[in-house]
Amino acid sequence: METLKIALMVVIAITSVLTVLLVLLNRGKGGGLSDMFGGGMTTSLNSSGMASKNLIRLTVTVILLWAFAIIGYALVLRFETVAVI
């Protein structure tokens, strides 16, 4: 049970950092960090639109993984057996 808790904590920490970075990379109304890395540049065949859609999909996937890890960790804590002394 301790291994599962540690694994979920690691997943939560990594996905938290990734979520912050991916949200910053997403282009909002006022621009974003994606402009610095060429995400805002328009090239032939609308490739920047596809890159933006893929970035949004990746962000949603990481956020869902983060949410499931939080729920899993809460369930592990809730149903953890308590040793009676």
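## Overview

Of the protein's 85 residues, 16% count as buried (under 20% relative accessible area; exposed is over 50%, partly exposed in between; 1.4 Å probe, protein chains only). This is a predicted model: local features need pLDDT of at least 70, side-chain atom pairs count only at pLDDT 80 or more, and totals for chains, interfaces and linings use all residues. Residues are numbered from 1 along each chain as its sequence is written, and side-chain values use heavy atoms, with hydrogens and water left out.

The protein has 2 helices and 0 strands. Both types are DSSP runs numbered from the N terminus: helices are H or I with at least four residues, strands E with at least two. The accessible surface comes to about 6600 Å², and carbon and sulfur atoms hold 74% of that (Shrake-Rupley method, 1.4 Å probe; for residues, only the protein chains shown count as cover).

## Confidence

The average pLDDT is 80, and 69% of the residues score at least 70. pLDDT is the predictor's confidence in each residue, from 0 to 100. Over residues 42–46 it stays under 50; there the model has 2 contacts beyond four places in sequence (contact: heavy atoms within 4.5 Å).

## Helix α1

Helix α1 covers residues 2–25, 24 residues in total. Its first and last C-alpha atoms are 35 Å apart, close to the 34 Å expected at 1.5 Å a residue (1.5 Å times one less than the number of residues). Its buried residues are K5, L8, I12, T15, T19 and L22.

I6, M9, V10, I14, V17, L18 and L21 make a nonpolar surface patch of about 610 Å². Patch residues have over 30% relative accessible area and no salt bridge; like charges are joined within 9 Å, nonpolar side chains (Val, Leu, Ile, Met, Phe, Trp, Tyr) within 5 Å. L18 lies in α1 and is partly exposed at 37% relative accessibility.

## Salt bridges

The structure holds 2 salt bridges (side-chain nitrogen of Lys or Arg within 4 Å of a carboxyl oxygen of Asp or Glu). They link E2, K5 and E80 in a network. K5 pairs with E2, closest N and O atoms 3.4 Å apart. Both sit in α1, 3 residues apart, about one turn of the helix.

E80 also bridges to K5, at 3.1 Å between the closest N and O atoms. E80 lies in the segment after α2 and K5 in α1, so the pair ties together parts 75 residues apart in sequence. K5 is buried at 12% relative accessible area. E2 is partly exposed at 49%, as is E80 at 25%.

Among contacts between residues at least 6 apart in sequence, 71% join residues at least 24 apart. A74, in helix α2 (residues 47–78), is 66 residues from L8 in sequence and 9.9 Å away, C-alpha to C-alpha. A74 is partly exposed, at 43% relative accessibility.
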